[in-house]
Amino acid sequence: MEKYEWAEGMACAVTAADKDGVIRYMNRRARLQYKKHGNLIGKSLYDCHGERAAGIIRQLLAEGGTNAYTIEKNGQHKVIYQTATTDTEGCVCGIVEISMVVPEEMPHYVRG
């Protein structure tokens with residue numbers, strides 16, 4: 001299986017960037033979502049985000065961790081999940097963002 005083949009058919013947008021914040025992969029859904037901006041592969045995440053978001057990306061790439069939140073855009077509710085990726089030694093080597101449309105009213109279950 002190719003490195004990102006698993007993400008191509010997903011029903012959510014997946015974008016991966018390297019440790020310098022340069023976009024290295026976008027799945028089909030992400031490419032469609034950002035089509036109006038042209039081909040973003042090879043572009044910097046910092047050019048695509050405001051200063052607040054760029055600061056969060058810098059922190060994730062420096063320290064690792066996760067940033068998750070919900071938004072409403074064009075009448076759709078989305079979960080945005082950004083997480084640092086690490087190599088086999090645990091060093092941060094990049095970041096992945098998953099953006100998925102969710103129902104306005106979504107069930108929540110507590111499991112024990």
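A residue lines a pocket when one of its atoms lies within 4 Å of a point of that pocket. The model described here is predicted.

With that definition, begin at the second largest pocket, which holds about 170 Å³ of space. Its lining includes Lys3, Tyr4, Arg24 and Thr85. S1 and S5 each supply at least two residues of this lining, and S5 gives the most, with 4 residues. Sorted by class, the lining of the second largest pocket has 6 nonpolar, 2 polar and 3 charged residues.

The largest pocket contains about 690 Å³ of space. It is lined by 30 residues, and those nearest its centre are Gln33, Tyr34, His49, Lys73 and Glu97. Several elements take part: S1, strand S2 (23-26), H3, S3, S4 and S5 each supply at least two residues of the lining. The lining of the largest pocket has 16 nonpolar, 9 polar and 5 charged residues.

Helix H3 spans residues 51-63 and reaches 18 Å from its first C-alpha to its last, close to the 18 Å expected at 1.5 Å a residue. Its buried residues are Ala54, Ile57, Leu60 and Leu61. Because these cover an arc of only 120° around the axis, they sit on the same side of H3. The buried residues pack against strand S1 (13-18), strand S3 (66-73), strand S4 (76-86) and strand S5 (92-102). The face of H3 turned away from the buried side carries the exposed residues Glu51, Arg52, Ala62 and Glu63. After H3 comes Gly64, with a positive phi near 85°.

Technical notes:
Residues are numbered from 1 along each chain as its sequence is written. This is a predicted model: local features need pLDDT of at least 70, side-chain atom pairs count only at pLDDT 80 or more; totals for chains, interfaces and linings use all residues. Side-chain values use heavy atoms; hydrogens and water are left out. The expected span of a helix is 1.5 Å times one less than its number of residues. Buried means under 20% relative accessible area, exposed over 50%, partly exposed in between (1.4 Å probe, protein chains only). The arc is that of the directions from the helix axis to the C-beta atoms. Contact means heavy atoms within 4.5 Å. On a 1 Å grid over the protein atoms alone, a cavity is a set of points where a 1.4 Å probe fits but cannot get out, and a pocket is an open set with protein on both sides within 12 Å along at least five of seven lines; lining residues have an atom within 4 Å of a point. Grid points are joined across faces, edges and corners, and a volume is the space filled by probe spheres set on the points. Ala, Val, Leu, Ile, Met, Phe, Trp, Tyr, Cys and Pro count as nonpolar, Asp, Glu, Lys and Arg as charged, and the others, Gly among them, as polar.
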